[in-house]
Amino acid sequence: MTLKEQIEGALKDAIRSRDETRRNALRMLLTAMKNKEKEVRRELETAEIRQLIGAAMKQRREAAELYRKGGREDLASVEERESEVLREFLPEPLSREALEALVDEVIREVGAAGPKDMGKVMQAIMPKVAGRAEGKAVNDCVRRRLTS
């Protein structure tokens, strides 16, 4: 079963169980996936779907933070619950140690020698960590490894 089929099945289950938060989060994700498929004119691969999920989760975290600043705890909690629903479709996040090991491996693969090679390393590593680590965390780790 593909990731897309899993998401569609989860949406059907959410509709049957009348779980509005889950239903809304999954509908929004499937809509984003369909829009992206129209844009690229093909079915999305698993890595691309995971990137969309990561982006959707980031949006929800940022929205929850803004709602909290505005004193709307009720809306912030909805955003956080939707983010947790989306997290179910991502693989386990990489630990800091695993991320550092993967960064070291990619640095060796591309032959990076210093900070000027950061772009090459980032381009090579991002598909490998899609959905398992945030871009900012990867960027920080690569920067630390290339400058030390």
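Reader: What should I know before I start?

Author: The model is predicted; local features need pLDDT of at least 70, side-chain atom pairs count only at pLDDT 80 or more, and totals for chains, interfaces and linings use all residues. Residues are numbered from 1 along each chain as its sequence is written, and side-chain values use heavy atoms, with hydrogens and water left out.

Reader: How are helices assigned, and what span should α3 have?

Author: Helices are DSSP runs (H or I, at least four residues), numbered from the N terminus. The expected span is 1.5 Å times one less than the number of residues. Take α3 (46-69). Its 24 residues should span 34 Å, and the end C-alpha atoms of α3 are 35 Å apart, which agrees. Now take α4 (73-87). Its 15 residues should span 21 Å, and the end C-alpha atoms of α4 are 21 Å apart, which agrees.

Reader: Which residues of α3 are buried?

Author: Start with the general idea. An α-helix has 3.6 residues a turn, so residues three or four places apart point the same way. Buried means under 20% relative accessible area, exposed over 50%, and partly exposed in between (1.4 Å probe, protein chains only). In α3 the buried residues are Glu48, Ile49, Leu52, Ile53, Ala56, Met57, Arg60 and Ala64. They pack against α1, α2 and α4. Ala55, also in α3, is partly exposed because its relative accessible area is 39%.

Reader: And which residues of α4 are buried?

Author: Ala76, Glu79, Glu82, Ser83, Val85 and Leu86. Their cover includes α2 and α3.

Reader: Glu82 is on that list. What does Glu82 touch?

Author: Contact means heavy atoms within 4.5 Å. Leaving aside residues up to four places away in sequence, Glu82 touches Thr21, Asn24, Ala25, Met28 and Arg60. Glu82 counts as buried because its relative accessible area is 6%.

Reader: How do I read a nonpolar core, and which residues touch the most other members in the largest one?

Author: A nonpolar core is a set of buried Ala, Val, Leu, Ile, Met, Phe, Trp, Tyr and Cys residues joined through side-chain atoms within 4.5 Å. The largest has 19 residues; Ile7, Leu26, Met33, Ile49, Ile53, Leu86 and Phe89 touch the most other members. Helices α1 (3-17), α2, α3 and α4 each supply at least two residues of this core. A second, separate core has 15 residues, including Val103, Ala112, Met122 and Val129.

Reader: What is a pocket here, and how much space lies in the largest one?

Author: Work on a 1 Å grid over the protein atoms alone, with a 1.4 Å probe: a pocket is an open set of points with protein on both sides within 12 Å along at least five of seven lines, and lining residues have an atom within 4 Å of a point. Points are joined across faces, edges and corners, and a volume is the space filled by probe spheres set on them. The largest pocket holds about 610 Å³. Of its 28 lining residues, Arg61, Arg132, Ala133, Glu134 and Gly135 are closest to the centre. Helices α3, α5, α6 and α7 (135-147) give two or more residues each. The most come from α3, with seven.

Reader: What classes line the largest pocket?

Author: Ala, Val, Leu, Ile, Met, Phe, Trp, Tyr, Cys and Pro count as nonpolar, Asp, Glu, Lys and Arg as charged, and the others, Gly among them, as polar. The lining has 13 nonpolar, five polar and 10 charged residues.

Reader: Which helix gives the most to the second largest pocket?

Author: That is α3, with five residues. This pocket holds about 170 Å³. Its lining includes Ala55, Arg60, Glu82 and Leu86. By class, eight are nonpolar, one polar and three charged.
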